[in-house]
Amino acid sequence: MKTRKIKNISLVLGLWILCTSCEKLVEVDLPINQLNTEQVFESTATADGALSALYSEMQASSVLSGGASGVGCLLGSYADDLDGYDIYSVNASMDIYNNIQLSTNTTVKMIWANAYREIYMANSIIAGIVNSSSIEEKDKQRIKAEAVFLRSIIYFYLTQLYGDIPFSTSTDYNINQALSKSPSEIVLDTIAKDLEDVVPMLENDYRNTERIYVNRKTAEILLATIYVHQKKWTNAENLLTQIIQSPLYNLQQDISKIFKKDGKHIVWQLKPIYEGTATPEALLYGFSSGVPRYYAASDNLISIFSDNDERKEKWLTPVVSNQKNYYKIDKYQTLTANTDEYSIVFRIQEAYLLLAEVLAEENKIEESLFYINQIRQIAGLSLLSGSISQNQLKNEISIEYQREFFSERGIRFLNLKRNNKLDSLLNTKPNWKSYNEVWPLPASELLLNPNLNPQNTGY
Amino acid sequence: MAGAERAKSNKLNHIKSMKKNFCNLSHFQLAFGFTLIVSGVAIAQTRTVSGTVTQNQKPLSNVSVSQEGSSDVAITNSSGKYQIQVSGENPVLIFRHTDYSEERIEIGSQSTINIAMGNRENQIEEVVLNAGYYKVKERENTGSIAKVTAKDIENQPVNNVLSAIQGRMAGVNIVGSNGNNSGGFDIQIRGRNSLRTITNSIINGNEPLYIIDGIPIGGQMITSYMGNFEPTRNVNPLSSINPNDIESIEILKDADATAIYGSRGANGVILVTTKKGNSKDIKLSLNTSLSLSTVASKMKMMSTPQYLEMREQAYANDGITAIPDNAYDINGKWNKDRYTDWQKTLIGNTAENNLIQLSVSGGGNKDSFLVSGSHNEQGTVYQGNFREKTNSLNANYNFESTNKKFSLSFANYLASRSNDLMNSDFTRRALSLSPNAPELYDGYGNTNWEDNTFTNPIASLNGTYSAKTLQLNQNINVGYSFLNNWKLKINGGVSYWDLEEYMLSPNTMYNPAFPAGASSAKSTSVRNDTSFFSYTIEPQLSWSKSVNKNTFEVLAGASYQETISKSLAVRGTGFSSNALLNNIMAASVINMENLNETDYRYAAIFGRINWQYNNKYILNLTGRRDGSSRFGPNNRFSNFGALGGAWIISKEHFFDNIHWLDLVKLRGSYGITGSDMIGDYQYLDTYSITSTPYNGISGFIPSRLYNPDFTWERTKKAEAALELSAFKNRVNIVAAWYRNRSSNQLVGMQLPLITGFSSVQANWNATVQNSGWEFELRGTLFHNSDWNWSSGFNISFPVNKLVDFPGLDGSPYASIYVVGQPTTILKLLEYEGIDSVTGQYKFKDANNDGKISILEDAQTVENIGVKFFGGWQHEIRYQNFAFSFLLQFVKQKQTNYFRDMTIPGGMTNQPEAFTNVWSADNPDGIIMPYSTGSDQNANMLTTFLKYSTAAVSDASFIRLKNIQLNYSFPLQGKFFSGAKVFIQGQNLITWTNYFGLDPEFLVTGYIPPLKTYSFGFQLTF
């Protein structure tokens, strides 16, 4: 009996001890590949790490990417620069090329998904850095400014692609999941104000000599672009003049060197993720024989070049297949052991043409010609004469955009859109309809957030 | 056998000494002499044994008495007496009578053996079910446990034992995901409780708990590298275990059986018990088989003329007169006279599978052991030399002390598997490639790119996936009985699982004319190592006592488990030669893609009280308090429990005169279980390290949307069942009704992409109900001394319903679910056929606004799900022949080929059924006039068709799942004690009306199930 009692007591005691120590038994340490959010924003190095992830998103999967998920090829083929050849694309990029995209289009959804993911990352960095107590004020400002810039450029493209869009500055999913659309003019206004606020927080000097991070001038060039879209000519003119006059930038005289990474004409470029890998553009547009795999120059693009235009000679390489000439987009050429090419996002030549456009709008013909002629001269074209009319000049600028910036960041599409000239695409694109000026909102998003209704007209 | 062996060794010694003189004695004479001596020894030991057989104190006639291993039979006369000659040492007598269970007696050196034969009821009592922490006799069981034993699993030509039990258990719906060797499974035990499936979340929230020999498996081995050919993206824990090593599988279904597993029992528990030694003699057995498999289902696709006709019409309909440059199939670039049956070429190979297994078992009075090893080699249905090799070793040892107070058992299972497979699955390409697509190889045997117009699928074969898996399960069980009623038991074990994957993607997978294929500088190679190490300790104390008519059994225990998982992935890009791909050090760019270590800890205490009164009334109470590291600090612990009861009505006095009913039992249970299948660390607010550095600086990205408050899911289960056994156990019926309600569901709540993520972990305040009926019928249809024909039938009617969801209308789920309907519904457009005037698809305008849009008009609810499923098996024995077959049947509605189709008329092959195209002359056509995909209206209507009721149709099927014939040789020699030859077929015939590749595997684009023929033999020494 006694032994049984002792045994009983020790059993109960043992179980009780087990219970109370249970709490500690199920505690675990943080996994080795994660950091608490506060810890990330405790030091500049880790906060820069968060920013670094956003840059690598820009390079690899954002609208700025030079590959298949970027607007360079998508808007290039959507307008009339590029022809699409991907026979395996179903309800995706080929439908965009053919201007018949449906609201269920997978590429339309992918662009939207990537963009809002990047916006979330930027919002998260902004919130984290603002609340940080241990990082120096100077670094806090810079990191916040870079994150705001990246968020703004994504919103800029979102509104150009989709029209009215939900504008989020918070990471709280309870708010975001029911957000309604903001009109595109308000979005442009808001991001312009954001940029005006952060421009002084950025330095002019690049923090990396290869210009792979943004500086004040990058933010200014985006701000100027927005002003042009908003038709605020004076603001745009002042800003662009300032940018062009900066000692940081020179026009590159040698066409064949424009897309190499060392050049004082580069405002911002994106470095490939892994050392030595080719730029996404080189991989996307490359083909050495046979028919193109994804994209090649359209007949319309070839037709606007005169034979002595150096850009046609250096940037468009003919490849013959079956007695037919296909023109390869050859701006980026290095395919292996790449140490000399990065994907350029902004280059100073764009500021020249933007300024020319603004001055033309202001009817300052002479001044406008000063800038556009510099671009023409480098390309080996004859200069435009001072007797040109305002309309003719605006047309010439429009074509010059196409010649200089084909396949880059949808610049031609943006130029047509802000000048209400998109319907000129009816000449070259048989399926073009006027409601194609914006893409449809992804159908699945409308199902999940009914506040996004109504869908864009026509879809 | 000792005498014979002594004789043998004497003979050998004699031979040795005689060798010098008789070394030219021929072998034949030697063997003859050898046999004579051996049989002489045997004959020398023949003697007579006699006795009386009784039953219920009355003599029993017609009992056949035989010695094991011999074919001599004696029959008892009317006085129950018999007499028989036995030979050899340790003879064993077998007594058989049709009405009573067989008795097997080792007679030692006795000459008189009298026995009393028992009645059949003993037999049902003797079936003991493994309920996990305790064993319970089937008769006294208060819970719902389904069991399949080795007899039904053995020798089936399947890789995972889950394929062998499909259709055999009521309430358990097992659906494979693809026909590959290591294919995954989706197991639903009484429906899906959780909304988290592998398609909408990383972790499959419906995964049941797997326990192998008492040790729970640590987690889900998930890998993103297998995604190309394994839609479930995880390796099933049972895939390395040789089905022939399994003694039984018990699946615990209801609350009474699963509540003792507390927070992990919500989706059911699968208990696997490997074979143990139990014979007193040394037994050696050899088992080998060869199987041949091909793809069981094929889709009838268009022939080249039909296809070209479709394409030409498509261009004509779209008004395109100049055939585009990239329409290679009809612009003359590709030869229009070619035809290839791509299903046959790409996935039509016959896979060969070889298995050999050797096992040794034996024991004495106190202990027994079993060691068995197997080697299995499997081919694939793809072209090329892809194969999979599995080696396994099952070793266990059981010891019990003479006074039966102390017991010890070790069970060890080691399996090693190596896979060499391709990088991706060909099924989708086999169905979509144009029938006149070019040859795969050019005249010189090289990959034919047809001047860069053809993305040749053969080139993908250059990309390989190889995986080596090592799985080790070790379990130790120590028991000590003291003070008569008490028993202390400690169950502990270790489980280690290691997966090493190599994914080699050489540039030769792509066309050399494009940058990706240009040189080996573009080749990449990934190596991923994932491992789980898990250990479990479970001390238990049990006490039992009988007082008057009451019997009590009390169990209390604790459980602690820790699982450490590690993963490491490295990618190398750019090699100077493709021969170096296996060594990532040779790459020019090396990048760490993943490095992680996670920890999971789990602790619990549990108990059980079982009270039986007068063998008639049984009450079973179980409970458990669990803590898991997967939940946030405020919500770590929770309580679960169940109450089950049974009433054996046939023991009541009003049943005394009903002799044809052996057992009538009513049982029921109610309880609460939970689930913690949510992945680790989901409650943290963290950033994770990315593998894509920018300018060499590694990045951090937000890991997830932060929600620290989620708690356990709770599933309340109720069940009531009736078990009947009649006609001396010739007929057994079980009818069960169950209702499970899951609330506070942990779901990746679907979110719009504006939030930056597609979901967040949160508890969903909705209630999902799974209820239904299960029926099982087993019976012996015919039985005499030569023939035995028994049959089993099971059928389950599962019903799923979303019972309640406050706030559904304002949530992201408003367009997906409807309260009162199952959670498996689809909301679709109502398809109204093809308009007889315009020739276009017609859909119902549900909101009468004059236009069709998926958003507004998809109001028709179609339930995609299983209405009932089950199996019907027969087993016929005639003397030494045994024949059995299993028919599996499923009645269901599922999405069909229309759901994933591409527009007929584009450059993709289509089913032959689509040649039935609408035209003014053919108003019964099922497809709108062809279009190439460049007409927006046609594209839009085709999309509508895919999201309409046309895309859902009947997918019911009946499948001859398994058929086997085996023959046991009646051997009597001392060398072989048994030999069996068998032929089996798996998935041989399928009857279905389904429009699609296969009605069982629903994720399209993967290999359908395989049809297998196998034969082999088994020898026992």
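Guide: Arg211(A) counts as buried, because its relative accessibility is 10% and buried means under 20% relative accessible area, with exposed over 50% and partly exposed in between (1.4 Å probe, protein chains only). This is a predicted model, in which local features need pLDDT of at least 70, side-chain atom pairs count only at pLDDT 80 or more, and totals for chains, interfaces and linings use all residues; side-chain values use heavy atoms, without hydrogens and water. Residues are numbered from 1 along each chain as its sequence is written, while chains are lettered from A and ligands numbered from 1 in the order in which they are written.

The phi of Arg211(A) is near 60 degrees, a positive value in a residue other than glycine. Arg211(A) lies in the loop between helix 10 (184-198) and helix 11 (216-229) of chain A; helices (H or I, at least four residues) and strands (E, at least two) are DSSP runs, numbered from the N terminus. Most residues other than glycine have a negative phi, and most peptide bonds are trans. Asn729(B) also has a positive phi, about 70 degrees, although it is not a glycine. Asn729(B) lies in the loop between strand 35 (713-726) and strand 36 (731-743) of chain B, and it is buried at a relative accessible area of 14%. A cis peptide bond runs from Asn453(A) to Pro454(A), with omega near 0 degrees; Pro454(A) lies in the segment after helix 20 (443-448) of chain A.

Ser61(A), in the loop between helix 4 (44-60) and helix 5 (71-78) of chain A, is buried with a relative accessible area of 17%. Leaving out residues up to four places away in sequence, Ser61(A) touches Ser69(A), Asn114(A), Arg117(A) and Glu118(A), where contact means heavy atoms within 4.5 Å. Ile649(B) sits in the loop between strand 31 (637-648) and strand 32 (661-675) of chain B and is buried at 12% relative accessible area. Its C-alpha atom is 7.6 Å from that of Leu663(B), 14 residues apart along the chain. With residues up to four places away not counted, Ile649(B) touches Phe654(B), Phe655(B), Val664(B), Lys665(B) and Leu666(B).

Next, the nonpolar cores. A nonpolar core is a set of buried Ala, Val, Leu, Ile, Met, Phe, Trp, Tyr and Cys residues joined through side-chain atoms within 4.5 Å. In the largest one, of 143 residues, Trp112(A), Phe149(A), Leu158(A), Tyr162(A), Trp268(A) and Trp439(A) touch the most other members. Helix 8 (residues 137-162) of chain A gives the most to this core, with 14 residues. Phe149(A), leaving aside neighbours within four places in sequence, is in contact with residues including Leu195(A), Val214(A), Trp268(A) and Phe346(A). A second, separate core has 63 residues, including Leu308(B), Leu461(B), Leu829(B) and Trp918(B).

The aromatic rings form 61 pairs over all chains. Rings of Phe, Tyr and Trp (its six-membered ring) pair if their centres lie within 6.5 Å; planes under 30 degrees apart count as stacked, over 60 as edge-to-face and the rest as tilted. Trp773(B) and Phe775(B) are stacked, because their planes are at 0 degrees with the centres 6.0 Å apart. Trp773(B) is partly exposed at 43%, and Phe775(B) is partly exposed at 33%. Phe843(B) and Phe944(B) form an edge-to-face pair, 5.8 Å centre to centre and 80 degrees between the planes. This pair links strand 43 (residues 841-843) with helix 12 (residues 936-946) of chain B, the two residues being 101 apart; both are buried. One aromatic cluster includes Trp112(A), Tyr162(A) and Trp439(A).

Last, confidence. The predictor gives the complex an ipTM of 0.84 and a pTM of 0.76. The mean pLDDT of chain B is 82, and 90% of its residues reach 70 or more; pLDDT is the predictor's confidence in each residue, from 0 to 100. Over residues 1-5 of chain B the pLDDT is below 50, and this stretch has six contacts beyond near neighbours in sequence. Residues 7-44 of chain B also stay under 50, with twelve contacts beyond four places in sequence. Where pLDDT is low, the predicted coordinates should not be read in detail.
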